[in-house]
Amino acid sequence: MKNNTRRYDANSMPDVELLEEALAEVKVKKRYKSVINNTIGTLLVVAAVAALIAMFFLPVLQIHGNSMTPNVNAGEIVVALKGSEFKKGDIVGLYIGNKLLVKRVIGEQGDWVDIKPDGTVFVNGEMLDEPYITDKSFGDCNISLPYQVPDGRYFVMGDHRSTSADSRNTSIGCIAYEQIVGRIAFRIWPLSDIGPMT
């Protein structure tokens, strides 16, 4: 009768230490894959949340053009705050067609805006205090003055009055609430000028 028991010599049996090392290596690889998968998942969730916040609450905008100099300059990156209403003096980001512009709210619905030939602005008969502008200019104005801001609209102007295309011209006109991205609240670039905006 044959004995079916297999015999192993010392050379063919795997070493216990080698088995433990191989097992440890497998565990490390599994742990590494798990950490990588969890990290990627977390980064995707964070990116999605950041994109949603940026889209709906805190849009980040890059400034193009010089219509708001010296207060806001081309190349700067700013954060806008979505809001339910905007008031006189607020700097807002807005879309005209597919073009993003940055302007300052001068008048709200129902306000009467008047601009004198020297560029002095009056709202509802009172001269507007504008410490943010460096020079006055009548600019490219083709509207009939005084001008009443229509319902649901904002009258906006750039701080660099001589070059700004804004509500003084019918090509831009008064801005609907839906066109406004948000109030420009914070400058994040360049780092030397980081801080709140007024």
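A: pLDDT is the predictor's confidence in each residue, on a scale from 0 to 100. This is a predicted model, in which local features need pLDDT of at least 70 and side-chain atom pairs count only at pLDDT 80 or more, while totals for chains, interfaces and linings use all residues. Residues are numbered from 1 along each chain as its sequence is written, and side-chain values use heavy atoms, with hydrogens and water left out.

The mean pLDDT of the protein is 83. Of its residues, 85% reach 70 or more. The protein has one helix and 12 strands. Helices (H or I, at least four residues) and strands (E, at least two) are DSSP runs, numbered from the N terminus. Along the sequence, the pattern is α-β-β-β-β-β-β-β-β-β-β-β-β. Helix H1 (residues 16-56) has the lowest mean pLDDT among the elements, 71. Strand E6 (residues 121-123) has the highest, 97. The close look goes to the sheet that contains E6.

Start with the strand order. Four strands form an open sheet, ordered E7-E6-E5-E8, with antiparallel pairing. Two strands pair if DSSP finds at least two bridges between them. Strands of a sheet pair through backbone hydrogen bonds, either parallel or antiparallel. Which strands sit at the edges? They are E7 (126-127) and E8 (147-148), each pairing on one side only.

Now the individual pairings. E5 and E6 are antiparallel over three bridges. Here Ile115 stands opposite Val121 in E6. The hairpin of E5 and E6 has five residues between the strands. In this hairpin, Gly119 takes a positive phi near 95 degrees. E6 and E7 pair in the antiparallel sense over two bridges. Val123 stands opposite Glu126 in E7. Asn124 lies in the loop between E6 and E7. Asn124 is not a glycine, yet its phi is positive, about 55 degrees. Its relative accessibility is 42%, so Asn124 counts as partly exposed. Buried means under 20% relative accessible area, exposed over 50%, and partly exposed in between (1.4 Å probe, protein chains only).

On to E8. E5 and E8 pair in the antiparallel sense over two bridges. Tyr147 in E8 is the bridge partner of Val113. The loop between E7 and E8 holds Pro146. A cis peptide bond joins Leu145 and Pro146, with omega about -10 degrees.

Next comes the packing. A nonpolar core is a set of buried Ala, Val, Leu, Ile, Met, Phe, Trp, Tyr and Cys residues joined through side-chain atoms within 4.5 Å. The largest such core has 14 residues. Those with the most contacts inside it are Ile106, Val113, Ile115, Val121, Leu128, Phe155 and Met157. Strand E5 (112-115), E6 and strand E9 (153-157) each give two or more residues to this core. Apart from it lies another core, of 12 residues, among them Leu61, Val102, Ile184 and Met197.

Is Phe155 buried or exposed? Phe155 is buried, with a relative accessible area of 0%. Contact means heavy atoms within 4.5 Å. Leaving aside neighbours within four places in sequence, Phe155 is in contact with residues including Val113, Ile115, Ile143, Tyr147 and Cys174. Arg104 and Arg168 are among its other contacts.

Tyr147 and Phe155 are also a ring pair. Rings of Phe, Tyr and Trp (its six-membered ring) pair if their centres lie within 6.5 Å. Planes under 30 degrees apart count as stacked, over 60 as edge-to-face and the rest as tilted. The structure holds three aromatic pairs. In the Tyr147 and Phe155 pair, the ring centres are 5.9 Å apart and the planes are at 50 degrees, so this pair is tilted. Tyr147 has 21% relative accessibility and therefore counts as partly exposed. Phe86, Tyr154 and Tyr177 form one aromatic cluster.

Finally, the cysteines. Cys174, a contact of Phe155, is buried, with a relative accessible area of 9%. Cys141 is at 16% relative accessibility, so Cys141 counts as buried too. The structure holds zero disulfides (a disulfide being a pair of cysteine sulfur atoms within 2.5 Å).
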